Amino acid sequence: MATFGQTSNGASSSTVTDGSGDNLWASSATPASSGTVVSATSRFHVTAGSVNVRYVIFTSNAGEPDVLLAVTDDGNFTNTSEQENTLNFSGANLISITSGTPYFIGLHWQDPVGGNIVLSRD
């Protein structure tokens with residue numbers, strides 16, 4: 001199985017507080033091989049309550065996210081300690097990626113219900 005993007009635990013974290021609205025965090029990643037994207041994983045937790053998250057993939061244009069290529073279905077997460085959270089891409093969102101082409105991979109979510117979201121990052 002081919003992977004791309006950050007594959008190890010982040011050394012830092014960022015807390016996004018409740019009340020911050022519609023959120024998108026994305027990072028650039030360039031795959032070493034071509035293939036079909038089937039899932040996305042990140043490490044995060046909520047301080048209380050729950051959060052609805054979806055993973056997204058964008059094209060890269062001059063080092064910035066550009067065209068939205070794929071979106072997972074929403075997942076509802078309630079874990080209050082850091083862990084890997086994975087969602088699958090399906091149907092038309094099972095896109096092919098090209099080796100050596102930069103993409104932006106990220107998380108999109110609305111305000112957590114009852115708490116904050118803490119994202120592991122590097």
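**Close-up views of an all-strand chain**

**Figure 1. Overview of the protein chain, which has 0 helices and 11 strands.** The model is predicted. Read along the sequence, the elements follow the pattern β-β-β-β-β-β-β-β-β-β-β. The mean pLDDT of the chain is 86, and 84% of its residues reach 70 or more. Among the elements, strand β6 (residues 64–71) has the highest mean pLDDT, at 97, whereas strand β1 (residues 12–16) has the lowest, at 71. Of the 122 residues in the chain, 34% are buried. The accessible surface comes to about 6,600 Å², and carbon and sulfur atoms account for 46% of that area. Among contacts between residues at least 6 apart in sequence, 79% join residues at least 24 apart.

**Figure 2. The largest nonpolar core, a set of 19 residues.** Phe-44 and Val-51 have the most contacts inside this core. Strands β4 (39–46), β5 (51–61), β10 (103–109) and β11 (117–121) each supply at least two of the core residues. The most is given by β5, with 4 residues.

**Figure 3. The salt-bridge network of Arg-43, Glu-82 and Glu-84.** The side chains of Arg-43 and Glu-82 meet in a salt bridge with an N to O distance of 2.8 Å. Because Arg-43 lies in strand β4 and Glu-82 in the loop between β7 and β8 (83–88), this pair ties together parts that are 39 residues apart in sequence. Arg-43 also forms a salt bridge with Glu-84, at 3.9 Å from N to O. That pair links strand β4, which holds Arg-43, to strand β8, which holds Glu-84, across 41 residues of sequence. Arg-43 counts as partly exposed because its relative accessibility is 22%. Glu-82 is likewise partly exposed, at 35%.

**Figure 4. The salt bridge between Arg-54 and Asp-74.** The structure holds 3 salt bridges. In the one shown here, the side chains of Arg-54 and Asp-74 meet at 2.7 Å, N to O. Arg-54 belongs to strand β5 and Asp-74 to the loop between β6 and β7, so that distant parts of the chain, 20 residues apart, are linked. With a relative accessible area of 26%, Arg-54 is partly exposed. Asp-74 is also partly exposed, with a relative accessible area of 45%.

Figure 5. Val-71 is partly exposed, at 21% relative accessibility. Thr-72 counts as buried because its relative accessibility is 3%, below the cut-off of 20%. The side chain of Thr-72 reaches the backbone nitrogen of Tyr-55 at 2.9 Å. Not counting residues up to four places away in sequence, Thr-72 touches Arg-54, Tyr-55, Leu-87, Asn-88 and Phe-89. The C-alpha atoms of Val-71 and Ser-39 are separated by 9.9 Å, and the two residues are 32 apart along the chain.

**Figure 6. Ala-62, in the loop between β5 and β6.** Most residues other than glycine have a negative phi. Ala-62, although not a glycine, has a positive phi of about 55 degrees. Ala-62 counts as exposed because its relative accessibility is 78%, over the cut-off of 50%.

Conventions
Residues numbered from 1 in each chain as written. Predicted model: local features only at pLDDT ≥ 70, side-chain atom pairs only at ≥ 80, totals over all residues. Heavy atoms only, no water. pLDDT = per-residue confidence, 0-100. Buried < 20%, exposed > 50% of the residue type's maximum accessible area, 1.4 Å probe, protein only. Polar contact = N/O pair within 3.5 Å; in protein donor to acceptor, adjacent residues only side chain to side chain. Contact = heavy atoms within 4.5 Å. Core = buried A, V, L, I, M, F, W, Y, C linked by side-chain atoms within 4.5 Å. Areas by Shrake-Rupley, 256 points an atom, 1.4 Å probe, with all protein chains shown as cover. Salt bridge = Lys/Arg side-chain N within 4 Å of Asp/Glu carboxyl O.
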